[in-house]
Structure formats: structure tokens, C-alpha cells
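This report is for a reader who meets the structure for the first time. Please look over the sequence and the model, then read on.

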Amino acid sequence: MAAEKTPRQAMPEQPPLVRARNFEEVPLGYTAEQAVAEAGRCLQCKNPACVQGCPVNVDIPDFIKHIAAGEFDKAIGKIWERNSLPAVCGRVCPQEIQCEGNCLLGRKGEAVAIGNLERFAADWERRHHVCELPSRDVATGKRVAVVGSGPSSLTVASDLILKGHEVSLYEAFHKPGGVLVYGIPEFRLPKDIVGAEVACLQAQGVSLECDVVVGRTVTVDELFEQGFNAVYLGVGAGLPKFMNIPGENLVGVLSANEYLTRANLMKAYLFPEVDTPIPRGKRVAVLGGGNVAMDSARTAMRLGADKVSLVYRRSREEMPARKAEIHHAEEEGLDFQLLCNPVRYLGDDKGRLTGIECIRMELGEPDASGRRRPVEVPGSEFTVECDLAIVAIGSEANPLLTRSTPDLPLNKWGYVTANTDTGKTGKKGVWAGGDIVTGAATVILAMGAGRKAADSIHEYLTWGW
């Protein structure tokens, strides 16, 4: 049967009503037989558009060819040449708008499940441990401080340690991984997977220091004084945004940033087995339509909510969340309140949240983002009853580091200004990438920025600014 007529291998998953009440990973992963069958669908294009769609340019046809031949060790080795976090990317990257979105098979049918195959190869290696870590170049004697330990920082660390430089990672929290550990729930990305990826970097020689808040514990200039030759800033954009509407200070209104950090990094879903508590609501409203909103809503369901409502001012088609996450949320019984916008929070005489007054919206002309602008429908106000509201409408740059580095150029929104091709900032010896430059984006785009910065840093350490 022709590849384009062979059905895509469905990913085995936990049943919706079962998984909606536990924190175990939802997709169960391919078996070896399923992986080989799916890899056999690849057309092995001479000019693979899938590679062009990958921000770190993984040689996708080659690693898939190895899986099709049952050479799983060679498959992960090929991925590692360009991607140091395959188990992560295989789970959380939006492949449908990147590599799989460019797949030739997808034009007439279903694209090759590139993300599922990448995950399979990485998980296979983690179980069997048969592959050798990439070898390092001769030591250069140059030292690089990498601030933050999210996806862009881990990529920089991985690339530069292999080029022979000494690399030190500085993480503000007590565990490394950045948004991978505090932002993405266990049921989407198990934390032992992130830990294994970081452990690989440490095995290659990367130094890790946690509980170091660069900007407070130590400044960027002090890092140079300590003998570092270059500094990379990959601190993300974790300052939560609020809507600034009446009632925002009621008990029961909190940011998705705090909610997910408690649930994910601090594992508050295990309370009281762990020390960190988390607010639990019976009727929960989550404001927003992105992946963070989906993660918050699905977490609330798993924490015992009777009803979870997603309140989003545009339609389903405009939701920025991954299609897979929207699909999973719908399967798990979440209530989608679309084309409506919060006006004010409602509370009782004890200052506790009881609901959100919303207004219906309709879509007008496209705005600067290219999406149709939501317009209020006069007289359409209604109430969403809730005892917990989680605000997931975006985040922005935290000024802790930048305030202590006055000669670091910023844009009008407080993000670090950096060259898009190299990551160079206006401060000598300092590079930046990921969300602190672009604003909130995807894991793989942050990794792509890290790769460009690592190449530029290496060039600087070799030839000068």
C-alpha cells in the first residue's frame, strides 16, 4: 500500500475519564512495532520540507529511516546531533505548525507523526542506555555563565560544552528545567524526563547551581568579575499579567504562573504528602485560550473540580493552544465558554470569589496579530459561577535581572534587545534568547535561539567580539 494511503499510527492514551483524575502522562507512547510501522510511512523526500520547519534543523528523514530499519540507537544518535532535548520536544513541541506542518504526506492526508517518533527514540534510549554521549572538543579554557535552565539555556549549555568551553548553569529555583518543570504539568511532561535530560548535560561536564537569582544573588557584571568570558541570558518571561478589572483582589483569583508553579515544581497536587498547598475549587474558571490556560484547566480538573470552564474572548479557531491540548481538554469534559470576555469579578461579604461577570463577543476585523478582533455585544452580560479563577492571559519580562544591569538595552516592553541571528545584545560579552527576547513562545523556538547564540558565543570566544 502506498505511504499516503497507510493510516497514521494512533498514539495510545489513557481513557479520558480515567486520566482526568490523575497526574500520570496522557499519551502512553508507541511500541517498537508501532514506531517501525509509522516510520515506514515517510517518503524520504530528496528536499525534506520537514527539516526546514524544524527550528533546530534535525535531520528528520535520516532518524526516521533508522527507526524504520529497527536501528533505534542510530536514530537517537542522529537526533542528538541537533537536539539535546528530544524527549521533551517529542512531547510538547507544536509539530503541527512546524515539521509535521511541512510534511508532504500532510497535504493530502495525515502527516508522518514526527513528534511521536522523536519521543519513541528518546524514551527507548532512556530505558536501554546503549548510546554514548557526544564527545567533547579539546578544552579551550574559556568560561561561559548561562543564566536560567529552561530550553534555550540547556541548548546553549549543550552546544558550548561540546565545543570545549567550561559552562556553568545558574537557576533561580531549587530544581533545573525552567518552564519545563514549573510551567508544564506532569501529565504532559513527566519531570523525571527533564531530570534525565539535565543529568546528561551534567555527565558531559556542565556545572549546575540552583537557588541563584542573577540580579539579586549575583549580578551580570559580578559574573564577569568572577572570570566568566561570556554570559547567556535565558531567564524566560515569567511575570504574570492580569486584566486589571474590578474584584481582582478577591480571595480565589490567582495567576496561572503561581497555580502551575505550585502544582508542577512544588508537586502541590500531592499535598499534604508535600509541604506546599494549592487552592482547590469546585467550580473553576480559567481565563485564556493558550497552552497555559489548557494546562491550568486540566490541572484543576485533576485536583477535584466538579466543573472547569475555559473563558476565551475569541472562537475555537483562534485559540493559540495546540490542537492536541484542546482535543484532550474537550475529551476530559472541560466547559468551553467561547466568544465571551470577563468584565468584573463578583464576591461575597467575606471577600471571596463567587463568580465572574462576562459579556458576549463577536468577531470583527483582523487586528495586528492577524486574528479577527473581538467586539462586545451590547446587553449580553452573564455570570460564570466559580469559586476559583485562574488568569492565564500571558506573561511578560521579569525586571529583576535587567534592573541590576542598566547598560543592557531593552525594548519598550522590557524585553532584552538582541540580534535575531546571533542573540548578541548591546552589552559586550552578553547574549540573550528565548522568551526574555521574544516574549512567550514555544520550547523549540527557544531552543533554536539558543543554538544561534551558542554558535555566536563560540565565534566570540575564538575570534573576539
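UniProt, in an unreviewed entry, places the feature "domain: Dihydroprymidine dehydrogenase" at residues 19-128. The end C-alpha atoms of residues 19-128 are 27 Å apart, and the span is 48% helix and 0% strand. For residues 143-450, UniProt lists "domain: FAD/NAD(P)-binding", also from an unreviewed entry. UniProt positions are given in the numbering used here, feature names are shortened, and annotations may be inferred rather than shown by experiment.

The model is predicted: local features need pLDDT of at least 70 and side-chain atom pairs count only at pLDDT 80 or more, while totals for chains, interfaces and linings use all residues. Residues are numbered from 1 along each chain as its sequence is written, and side-chain values use heavy atoms, with hydrogens and water left out.

**The whole protein**

The protein has 17 helices and 16 strands. Helices (H or I, at least four residues) and strands (E, at least two) are DSSP runs, numbered from the N terminus. Along the principal axes, the C-alpha atoms of the protein fill a box of roughly 70 × 65 × 50 Å. The radius of gyration of the protein is 23 Å, which agrees with the value near 23 Å for a compact globule of 465 residues. This radius is taken over C-alpha atoms, and the globule rule is 2.2 Å times the number of residues to the power 0.38.

Of the 465 residues, 54% count as buried. Buried means under 20% relative accessible area, exposed over 50%, and partly exposed in between (1.4 Å probe, protein chains only). The accessible surface of the protein comes to about 20,600 Å², and carbon and sulfur atoms hold 50% of that surface. Accessible areas come from the Shrake-Rupley method with a 1.4 Å probe; for residues, only the protein chains shown count as cover.

Among contacts between residues at least 6 apart in sequence, 68% join residues at least 24 apart. Contact means heavy atoms within 4.5 Å. The protein carries 52 positive and 59 negative side chains, and the centres of the two sets lie 2 Å apart. Lys and Arg count as positive and Asp and Glu as negative, whereas His and the chain ends are not counted. The place of a charge is NZ of Lys, CZ of Arg, CG of Asp or CD of Glu.

**Backbone details in loops**

The peptide bond from F271 to P272 is cis, with omega near 10 degrees. P272 sits in the loop between α12 (256-265) and β7 (283-287).

Where does N57 lie? N57 is in the loop between α3 (49-52) and α4 (60-68). Its phi is near 55 degrees, a positive value in a residue other than glycine. N57 counts as partly exposed because its relative accessibility is 37%.

D211 likewise has a positive phi, near 60 degrees, and is a residue other than glycine. D211 belongs to the loop between β3 (207-209) and α11 (220-225). With a relative accessible area of 51%, D211 is exposed.

**Residues and their partners**

The table gives C-alpha separations for some pairs of residues.

| Pair | Apart in sequence | C-alpha separation |
|---|---|---|
| R373 and R314 | 59 residues | 8.0 Å |
| I97 and R322 | 225 residues | 9.2 Å |
| G439 and A305 | 134 residues | 31 Å |
| E331 and H165 | 166 residues | 48 Å |

R373 is found in strand β12 (residues 372-376). R373 is partly exposed, with a relative accessible area of 47%. Not counting residues up to four places away in sequence, R373 touches R314, E362, L363, G364, E365, P366 and D367.

I97 lies in the loop between α6 (86-92) and α7 (114-128). At 64% relative accessibility, I97 counts as exposed.

Is G439 buried or exposed? G439 is buried, because its relative accessible area is 6%. The loop that holds G439 runs between α16 (435-438) and α17 (443-463).

E331 is part of helix α14 (residues 323-331). With 30% relative accessibility, E331 is partly exposed. Leaving aside neighbours within four places in sequence, E331 is in contact with E13, P16 and R19.
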